[in-house]
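Subject: Structure handover and notes

Dear colleague,

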Amino acid sequence: MSKTLGEETGKPNDSACFDVVVAGKTYLDLIFSDLPFPEPGTEVLAGNMTISPGGAANRAVGAARLGARSALLTNRGIDRISASLFDSLHDVEHLDLTLCQTCGGYHNPVSAAISSQDDRSFITYDRPGPNLAWPSNARTRTLFISLSDGLPEWTDPLHEQGTTIFGGVGWDASGRWSKQVLEDAKHVDVLIMNETEARRYTGQESIQDAMKILLDNVETAVITLGSKGSMASNSNESIEIPAPSVTSVDPTGAGDIFASGLMTAATWSWPLKHCLELATVASSCSVQTPGGAVSAPNATEILEFTHIHDREYDWSWIEDHLGNTE
């Protein structure tokens with residue numbers, strides 16, 4: 001049975017247990033920002049370039065930066081680019097890389113992002129890698145999986161052991177927006193989509209109608225709304241949180257940072273409303289600087305941000321509780 005986010009869920013309470021594990025592909029991101037989108041056959045000059053871990057690393061680093069015991073379950077290549085990518089992750093406090101699976105002949109994917117203030121486009125080089133296996137001795141309070149990659153066979157056993165499962169999706173380059181994703185969502189507790197993904201996967205123009213269909217498949221559905229904020233619904237409540245007014249420099253990875261904030265707050269047993277608040281603030285913080293994982297805010301930066309924006313919304317729960325999460 002799915003768990004309702006914000007309620008006591010019987011999650012493992014073990015000092016050897018991770019707070020957050022993120023499973024998926026880890027990318028090397030090259031992010032070009034402060035530029036107009038180029039027309040075909042033209043060249044434009046970027047005002048900034050950032051090199052950052054991306055993909056699953058965005059969420060794992062985001063959780064670690066907030067103080068969660070975070071781990072990354074991912075394939076790891078042995079080529080020079082992959083080695084450089086993971087060298088940068090070794091420096092992240094609270095991030096555990098022991099679940100990473102080293103694979104000879106595998107190359108971690110590389111993405112080049114062209115990012116404006118409001119949107120971004122990607123060019124990605126990626127090849128299939130080995131299926132990820134769950135280590136038999138690993139335990140976690142929360143797990144993030146990408147339903148676009150299919151449902152791992154080890155998801156249900158973890159769920160039965162008390163792990164809260166978060167599911168996300170990626171951009172469907174095929175344009176099919178397979179309904180299998182919604183079927184697989186029945187095996188997770190919390191489904192996170194952005195506004196475009198929610199409309200495409202459900203076939204609905206209205207975001208409210210899309211939310212109703214998502215709730216037919218998952219206990220708690222969360223939809224991010226870009227600069228408008230975020231919304232979440234389950235059988236108990238429906239919540240909308242506005243996004244603070246910020247100057248966006250680069251939205252790359254903002255949805256991933258949102259997911260990391262939501263999962264981290266869930267491990268602290270925060271009510272759904274306040275989980276959504278932390279996720280929204282973390283995402284809003286991240287868009288003010290270029291990059292995905294490298295732009296993930298820490299607790300001090302979150303508190304500074306809420307103090308600056310306290311006239312726009314009552315962030316008092318975050319301010320009262322973020323520093324008291326041991």
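What follows is a short account of what was found, taken topic by topic. Please keep in mind that this is a predicted model.

Helix pairs

Two packed helices are described by the angle between their axes and the distance between the axes. The crossing in which helix 5 passes helix 6 is left-handed. If you look at where they meet, you will find Glu195, Ala198, Arg199 and Thr202 on the side of helix 5, and Ile207, Ala210, Ile213 and Leu214 on the side of helix 6. Sorted by class, the contact of helix 5 with helix 6 is made of five nonpolar residues, one polar residue and two charged residues.

The crossing of helix 7 and helix 8 is right-handed. Helix 7 brings Ala254, Ile257, Phe258, Gly261, Leu262, Ala265 and Ala266 to this contact, where they meet Cys275, Leu276, Leu278, Ala279, Thr280, Ala282, Ser283 and Ser286 of helix 8. By class, the contact of helix 7 with helix 8 has eleven nonpolar and four polar residues, and no charged residues.

Aromatic pairs

With ring centres required to lie within 6.5 Å, the count comes to six aromatic pairs. One of them joins tryptophan 177 and tyrosine 201 in an edge-to-face arrangement, with 5.0 Å from centre to centre and 85 degrees between the planes. This pair links distant parts of the chain, since tryptophan 177 sits in the loop between strand 11 (164-168) and helix 4 (180-184), while tyrosine 201 belongs to helix 5, 24 residues apart. Tryptophan 177 and tyrosine 201 are both buried. Another pair is formed by tyrosine 313 and tryptophan 315, and it is tilted, with 4.4 Å centre to centre and 50 degrees between the planes. Tyrosine 313 counts as buried because its relative accessibility is 18%, where buried means under 20%, and tryptophan 315 is buried with a relative accessible area of 1%. Ring pairs also link Trp171, Trp177 and Tyr201 into a cluster.

Threonine 26 is located in strand 2, which covers residues 26-33, and it is buried, with a relative accessible area of 0%. Leaving aside residues up to four places away in sequence, threonine 26 touches Gly54, Ala56, Ala57, Leu72, Thr74, Leu85, Phe86, Leu89, Asn108 and Pro109. Its C-alpha atom is separated by 12 Å from that of leucine 97, although threonine 26 and leucine 97 are 71 residues apart along the chain.

Threonine 155 has its place in helix 3, residues 155-160, and counts as buried at 0% relative accessibility. With residues up to four places away in sequence again not counted, threonine 155 touches Ile145, Ile165 and His187.

Methods. Residues numbered from 1 in each chain as written. Predicted model: local features only at pLDDT ≥ 70, side-chain atom pairs only at ≥ 80, totals over all residues. Heavy atoms only, no water. Left-handed = near helix turned anticlockwise from the far one by under 90°. Helix = DSSP H or I, 4+ residues; strand = E, 2+ residues; numbered from the N terminus. Contact = heavy atoms within 4.5 Å. Nonpolar A, V, L, I, M, F, W, Y, C, P; charged D, E, K, R; others polar. Phe/Tyr/Trp six-rings, centres within 6.5 Å; stacked < 30°, edge-to-face > 60°. Buried < 20%, exposed > 50% of the residue type's maximum accessible area, 1.4 Å probe, protein only.
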